[in-house]
Amino acid sequence: MGEGVAGWVVEHGETLIVPEAEDDPRVRDDASGKPRSVRSVIALPLRGRKGTHGAIEIYNPRADQMTDYTIAFLHILADHAAIAIENAHDVSRIQQLTITDDTTGLYNVRHLYNVLGANCSAPAATRCP
């Protein structure tokens with residue numbers, strides 16, 4: 001968080017367009033120590049209902065092709081990506097809730113049947129209920 005262009009975008013939740021990367025302290029070499037030839041950067045936050053989930057970075061975009069329409073399209077793309085991330089988190093949480101008790105967090109009988117069913121379908125199983 002807070003490191004580099006993506007870190008700044010996630011921390012502040014704002015789109016960042018850096019037309020001249022060499023003048024911006026947020027654009028630096030990666031952790032491997034290999035210098036990158038970054039001339040410009042566009043970074044957009046992946047903002048959803050539950051906060052900022054990450055950032056999309058585009059390195060060395062062609063400035064002559066970056067119109068307002070292109071930037072608006074990138075914002076729509078980032079919004080859809082954030083929705084997909086939140087939906088994936090929600091589905092994962094729902095799946096977890098189907099096999100655990102809400103109060104105790106312990107596995108329920110549905111999980112037991114799933115585990116028994118998976119073990120019984122294995123070829124090495126000789127006897128299953």
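I began with Lys50, which counts as exposed because its relative accessibility is 52%; I take exposed as over 50% relative accessible area, buried as under 20% and partly exposed as in between, with a 1.4 Å probe and protein chains only. The model is a predicted one, in which local features need pLDDT of at least 70 and side-chain atom pairs count only at pLDDT 80 or more, while totals for chains, interfaces and linings use all residues. Residues are numbered from 1 along each chain as its sequence is written, and side-chain values use heavy atoms, with hydrogens and water left out.

Next I looked up the partner of Lys50, and found that its side chain meets that of Asp90 in a salt bridge at 2.5 Å, N to O, the term standing for a side-chain nitrogen of Lys or Arg within 4 Å of a carboxyl oxygen of Asp or Glu. This pair links distant parts of the chain, with Asp90 in helix α2 and Lys50 in the loop between β2 and β3, 40 residues apart. Asp90 counts as partly exposed because its relative accessibility is 25%.

I noted that the structure holds two salt bridges, and the side chains of Glu86 and Arg49 meet in one at 3.5 Å, N to O. Here too distant parts of the chain are linked: Glu86 belongs to helix α2 (residues 68-99), Arg49 to the loop between β2 (41-48) and β3 (51-59), and they stand 37 residues apart. I recorded Glu86 as buried because its relative accessibility is 2%, whereas Arg49, at 65%, counts as exposed.

For the overall layout I counted three helices and three strands, arranged along the sequence as α-β-β-β-α-α; these are DSSP runs numbered from the N terminus, helices being H or I of at least four residues and strands E of at least two. Of the 129 residues of the protein, 22% count as buried. Taking contact to mean heavy atoms within 4.5 Å, I found that, among contacts between residues at least 6 apart in sequence, 41% join residues at least 24 apart.

I then turned to helix α1 (residues 4-12), whose buried residues are Gly4, Val5, Gly7, Trp8, Val9 and Val10. The cover over these buried residues includes β1 (16-18), β2 and β3. On the face of Trp8 I found Arg26, at 4.8 Å from the ring centre; a charge sits over a ring if NZ of Lys or CZ of Arg is within 6 Å of the ring centre and within 35 degrees of the ring normal. After α1 comes Gly13, with a positive phi near 70 degrees.

I also checked Asn60, a residue other than glycine with a positive phi, near 55 degrees. Most residues other than glycine have a negative phi. Asn60 lies in the loop between β3 and α2 and counts as partly exposed because its relative accessibility is 24%.
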